[in-house]
Amino acid sequence: MKKILSIILATILIFSTLSVMSFALVTKETKELGFAVASDLHYNVPQEELEKTNDHEIFWYANRRAAMDNESGLIIDEFLRQCAEDDSIEYVLVPGDLADNGRTVFQEHYDVAEKLSAFEKETGKPVYVIPGNHDYGQGENDFKIDDFKSVYAEFGYNGALSVMEENGSYTANLGDSYRLIALDSNDPSKSTEDGMSIKKVSWVLDEAKKAYKDGRYPILMMHHNLLDHLPMQRIISRNFIVRFHYTTASLFADAGIKLVFTGHEHCSDTTSYTTLLGNKIYDFANTSLTMYPLQYKVFYLNDAEITYRTRTVEDIDTEPLKDIEGYTEEQFSLMHEGMNAFAKGYLKAGIQYRLELSLSMEKMGIAEDSIFYPLVSTAVGELVKLLRMPLYGENSVQELGKEYNINIPDSEYETGWDLATELVAWHYAGEEPFEVQSTEVKILLRTVSLILKDDLSTVNDEIFFSCANEIIKQLGGTDSMSKDFTKITSEIFGGVTAGQYFLVALVSPLLYEFAFDGDGVADNNGTLQGYGIEMNCNNLLTSLSNTANTLMLYIENFFIIFIKIFGIGR
């Protein structure tokens, strides 16, 4: 066994040496470089009047994307103002989606370009952009890639060292020691899907090689994610991550690329990948600047360290919003108290509106004359009712849970929607804090169990057993046979069956990854090894250790869920 381990370690060292030799490192001590990264600006031309979208008391105009459309220009202005005042920021990078309706509303691009141009002229700080999936298309009346390169010519294209003529990719130098590889990862014929190709990957590898030949470290910027920022993202959110992402990440990392800046997913999440040669690459997924948490990142680079800090837009000039009909004094007051908190409330209202909208029969494409309509309509209606129901007090989820022998822990959350949207908000903000034994996760899992029981039994009573229920009711019995039977069995066998224990235990690792960020890389504020330091063997050992720890954590979570969390009979 020792001999085998010795051979493995020797092989790792050999590959590590070869990997270091594969791209000549810059030996000089590099000057510190500082720049800001803000993605997914999603600028909108302001409306003349607010449109009511949902029944929230304050955020009744929250849209389905939960993006602050009318405020977007003012948020961008404040971001640029902060960058202008910070002498440590030398450049501004934008990884796509500058405009929200950029394919069809050309004015959005003109307005954004005007803001960026004014910033450059005032500060002398260059701005580098790359298109996102919202920025151009290839339809007859679409804003084309050539239009994008023309409107944003001064933000990377005019002074580019290299340009891919058929798309929006280019390269540019940052400071004395770094080179930006700006990759257009889009497929202009698809709404969100990536357009990665062998040609694009080969171009990136060639440009990385040129950078090292010129004595510069390569930094990559593109719109689509390179690595997973959700559990199994390639499966559950496949249009937001490049295809063959591990293969692509390996090629980029082994070419000497250590930093990648992406957007698209609208979350603050930093993750890493280590190749078989021990080269590590970091994908910094950035939030949308104009939706909660209104964040951007500032990076400081030298040979030894890569330091990053997350900053927030807390104040905007609300005076222009007064020209839009519909804003209330209460809304303005809340904005002035804290724009970030206001944006969070707006986000939660928008997410609830979007999900409830997607749960409508019309959105699901089920016609009233469909044979499935009564069944699905009942199930969906009960689901929305349970999510809107108060978690505590009279006629609450907690009270209903007791009827099924399911204990809903006490908390400060008001409804199921309140908790669900809070978890989504944390995903966007990064550094998700909810461990698998947290109150939030317990409430979520137990509420799901309750919804399955109550919703299914209601469907059975109203659809499948309706005739039998009517007969029993006329005979002086119950009118909810399935619901009563489910409650009785829950009282005898417990709120969760053995099969449900097992299924939830299997799902818990995915839930854990969504609700708790434990990958070892800080999302919002941290320090990493600089480009001038290579520790390939250490990287491999760390990667193997992290994989083993993750596996053990999954196993531990399985048994925690299976044995401890619910507790038989609770």
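Predicted model: local features only at pLDDT ≥ 70, side-chain atom pairs only at ≥ 80, totals over all residues.
In what order do the 6 strands of the open sheet stand?

Residues are numbered from 1 along each chain as its sequence is written, and side-chain values use heavy atoms, with hydrogens and water left out.

First, the overview. The chain has 18 helices and 13 strands. Both are DSSP runs numbered from the N terminus: helices are H or I with at least four residues, strands are E with at least two. Of the 570 residues, 54% are buried. Buried means under 20% relative accessible area, exposed means over 50%, and partly exposed lies in between, with a 1.4 Å probe and protein chains only. Residues 24 or more positions apart account for 74% of them.

Back to the sheet. The order is S3-S2-S1-S11-S12-S13, and the pairing is mixed. Two strands pair if DSSP finds at least two bridges between them. Which strands stand at the edges? Strand S3 (127-129) and strand S13 (526-529) do; each has a single partner strand, so one side of each is left without a neighbour in the sheet. Neighbouring strands here are turned by 20 degrees against each other on average, direction ignored.

Look at one pair. Strand S11, residues 295-301, and strand S12, residues 305-312, run antiparallel over 7 bridges. Gln295 stands opposite Thr312 in S12. Helix H2, residues 72-85, packs on this sheet. Helix H2 touches S1 (33-37), S2 (91-94), S11 and S12, and its direction makes about 25 degrees with that of S11. Axes are lines fitted to C-alpha atoms, for helices over the stretch in contact; angles run from 0 to 180 degrees between N-to-C directions.

Next, strand S9, residues 269-274. Thr274 is found there. Buried or exposed? Thr274 is buried, at a relative accessible area of 13%. Thr274 and Ser250 are 24 residues apart in sequence, and 7.6 Å apart in space, C-alpha to C-alpha.

Last, cysteines. Cys83 is buried, at 0% relative accessibility. Cys267 is buried too, with a relative accessible area of 0%. How many disulfides are there? The count is 0, taking a disulfide as a pair of cysteine sulfur atoms within 2.5 Å.

Definitions and conventions. Contact = heavy atoms within 4.5 Å.
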